[in-house]
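Hello,

Here is the structure I said I would pass on. Please open it first, then read my notes below.

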Amino acid sequence: MRWAAFSCVLVPVVLVGYGTSLAGAAGSALGLVAVTGVCRLLLRQSERGAARLIEEQGQERRGRHGRAGSGAHRSGRHAGGSAPED
């Protein structure tokens, strides 16, 4: 967000420096502020939707006891045990 604020200030200064009227520079600044605000709003909305989707997918994968679905990451052997030999 800092870069957006920086550009909203920098662009009008540069425009005035190159001979654009103050009114034109102010209009450009207001336009940049509006576009930045809308983009920020859409980004936050998208982040919330993605977080909600991830949460819903996580709940679907959990079994009755809150563990991962059947067979996930199971090797069939006990930790530290040795396999029987024939």
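Y18 is exposed, because its relative accessible area is 74% and anything over 50% counts as exposed. Keep in mind that this is a predicted model. Y18 sits in the loop between α1 and α2. Y18 also belongs to a nonpolar surface patch, together with W3, F6, L10 and V14. That patch covers about 640 Å².

Now the overall layout. The chain has two helices and zero strands. Of its 86 residues, 6% count as buried. The chain exposes about 7,900 Å². Carbon and sulfur atoms supply 59% of that area.

Next, helix α1, which runs over residues 2-17. How far apart are its end C-alpha atoms? They are 22 Å apart. The helix has 16 residues, and at 1.5 Å a residue it should span 22 Å, so the two values agree. Just after α1, G19 takes a positive phi of about 100°.

S7 is a residue of helix α1. Is S7 buried, partly exposed or exposed? It counts as partly exposed, because its relative accessibility is 28% and the partly exposed range begins where buried, under 20%, ends. The C-alpha atom of S7 lies 8.2 Å from that of L32. Along the chain, S7 and L32 are 25 residues apart.

Then helix α2, which covers residues 22-61. R40 lies in this helix. With a relative accessible area of 39%, R40 is partly exposed. The numbering is worth a look here. An α-helix has 3.6 residues a turn, so residues three or four places apart point the same way.

One is nonpolar and includes Y18.

Best wishes

Terms used:
Residues are numbered from 1 along each chain as its sequence is written. This is a predicted model: local features need pLDDT of at least 70, side-chain atom pairs count only at pLDDT 80 or more; totals for chains, interfaces and linings use all residues. Side-chain values use heavy atoms; hydrogens and water are left out. Helices (H or I, at least four residues) and strands (E, at least two) are DSSP runs, numbered from the N terminus. Buried means under 20% relative accessible area, exposed over 50%, partly exposed in between (1.4 Å probe, protein chains only). The expected span of a helix is 1.5 Å times one less than its number of residues. Patches are made of residues with over 30% relative accessible area and no salt bridge: like charges are joined within 9 Å, nonpolar side chains (Val, Leu, Ile, Met, Phe, Trp, Tyr) within 5 Å. Accessible areas come from the Shrake-Rupley method with a 1.4 Å probe; for residues, only the protein chains shown count as cover. A salt bridge is a side-chain nitrogen of Lys or Arg within 4 Å of a carboxyl oxygen of Asp or Glu.
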